[in-house]
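Hello,

Here is the structure I promised to pass on to you. Please have a look at it first, and then read my notes below.

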Amino acid sequence: MSKLSNEEFQAYLKQIRELAEGPLEEIQKEVEVTNKFPQEFYDLAIENDLYRCSLPEEYGGYGLNELEILQVQEEFSRGPGGMRMHLHYAMDLNWRILEDYGSEEVKAEYMPKFQNKEVFTCFALTEATGGTGADLHTMAVKDGDSYVLNGEKTLISHTDCCEFAYVIAVTNPESDKNDRLSAFFVPLDTPGFEVINMPHMMGCRGAGHGELKFTDCRIDKKYLLGKEGQGLEIAMHSLSVSRAHIAASNLGMAQRMLELSLQYAADRVTFGKPIGTRQAIRCKIADMSMMVHALRCMVYDFAKSYMENPTGEYIEEKAAMCKLYSIDTTRRVSDEMLEIFGGVGYFEDCKYGPVERLYRDCRAMWLEEGAPTVQRITISRNTIKHGAHIEYVV
């Protein structure tokens with residue numbers, strides 16, 4: 001699989017937008033009721049190379065760069081939120097953690113299988129009795145050539161369709177430093193590994209979530225990612241990149257909400273004039289447009305920085321800024337959209353598009369990869385460390 005030319009890439013973006021707003025929207029009608037993706041969704045994702053396009057070429061992928069990957073995410077994020085959640089993960093954490101930190105033996109065996117969803121993963125960090133960073137309690141005790149896992153994880157996405165889990169666990173409980181945790185690539189069919197389904201969500205229907213339970217779950221040492229004690233570094237670096245991907249997802253949703261609002265404002269007539277001619281509505285549209293444009297600039301700036309230096313000192317900070325501002329953007333844009341549509345937008349079957357569902361779906365972004373307070377802590381910590389200056393990539 002060779003890298004796409006610019007002309008081919010632009011055609012691919014158009015193809016993904018048509019998929020998101022066409023076939024995937026049709027499938028979502030069923031998913032809103034069943035809360036489960038039918039096989040047709042996965043088949044369409046494979047047919048349209050959405051598991052493959054972000055993979056490196058040596059594993060059968062397109063080898064897209066970070067900016068191109070984020071542009072693809074922007075397009076499919078115009079569609080159903082649960083499918084966006086699945087595809088966002090497929091193009092980022094799903095394969096990237098193994099590529100960055102897996103042993104050569106394990107990468108050779110599994111990396112090529114990501115391209116057609118022969119292998120899919122979940123990311124198991126959060127715990128009900130702790131936090132999502134250093135404050136974890138799931139234990140991994142080394143025993144000869146194996147590690148034995150005991151503990152629980154919660155709010156874990158994609159547990160309904162994965163074969164492996166990236167698990168962050170404690171290997172050095174006595175340490176009060178950053179070497180307390182380690183990361184593992186754990187097969188779900190390992191004895192002692194149990195998945196417990198969680199209730200349905202407000203939005204993003206179809207994206208399965210569960211709790212993970214480990215009871216004397218023994219895995220071969222080859223499944224250790226990176227080095228022992230590197231777990232926090234692996235988790236934080238991986239989340240940093242994923243936060244920028246969340247921002248790209250918010251960008252796609254906000255762009256579509258703006259477009260739907262413009263269409264309705266042009267069609268809806270009161271007192272003989274389209275409401276889009278009225279100053280109050282125009283002010284709303286101006287604010288929406290400005291925030292969408294600013295978010296796009298931030299996301300693209302992150303992508304260029306990442307391409308210049310994936311481990312650069314400003315990557316974590318910029319990613320958190322992107323995610324935080326994208327939350328503010330979708331909150332404001334979705335609120336303004338609903339006000340422009342009025343009561344019409346509150347119903348499920350709005351003829352202009354999925355206004356009500358977009359409003360619900362985008363709320364998941366507040367929480368994915370860390371709540372707004374987490375992003376602010378990350379930003380402030382890095383700003384204090386590096387100073388107020390950030391070197392922007394032009």
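First, some ground rules. This is a predicted model, in which local features need pLDDT of at least 70, side-chain atom pairs count only at pLDDT 80 or more, and totals for chains, interfaces and linings use all residues. Residues are numbered from 1 along each chain as its sequence is written, and side-chain values use heavy atoms, with hydrogens and water left out.

Let's begin with the domains. The protein is divided into domain 1 (4–111), domain 2 (119–229) and domain 3 (232–384), with bounds that come from an automatic or database domain assignment. The C-alpha centres of domain 1 and domain 3 lie 20 Å apart. Across this pair, 28 residues of domain 1 are in contact with 32 residues of domain 3 (contact means heavy atoms within 4.5 Å). About 2500 Å² is buried between domain 1 and domain 3, and carbon and sulfur atoms give 56% of that area. Buried area here is the accessible area (1.4 Å probe) that two parts lose on being put together, summed over both. Glu 74, Arg 78 and Tyr 101 supply 25% of the area that domain 1 buries against domain 3, more than any other three residues.

Now the charged pairs. A salt bridge is a side-chain nitrogen of Lys or Arg within 4 Å of a carboxyl oxygen of Asp or Glu. The count comes to 30 salt bridges, and seven salt bridges are counted between domain 1 and domain 3. One to look up is Arg 256 with Glu 25, at 2.6 Å from N to O. Arg 256 lies in helix α8 and Glu 25 in helix α2 (residues 23–34), so the pair ties together parts that are 231 residues apart in sequence. Helices (H or I, at least four residues) and strands (E, at least two) are DSSP runs, numbered from the N terminus.

On a 1 Å grid over the protein atoms alone, a cavity is a set of points where a 1.4 Å probe fits but cannot get out, and a pocket is an open set with protein on both sides within 12 Å along at least five of seven lines; lining residues have an atom within 4 Å of a point. Grid points are joined across faces, edges and corners, and a volume is the space filled by probe spheres set on the points.

The largest pocket has a volume of about 1000 Å³. Of its 35 lining residues, Leu 155, Leu 367, Glu 368, Glu 369 and Gly 370 are the closest to its centre. Helix α12 gives the largest share of the lining, four residues.

The largest cavity has a volume of about 30 Å³. Domain 1 and domain 2 both give residues to its lining, so this cavity lies between them. Among the lining residues are Phe 37, His 86 and Cys 161.

Enjoy exploring!
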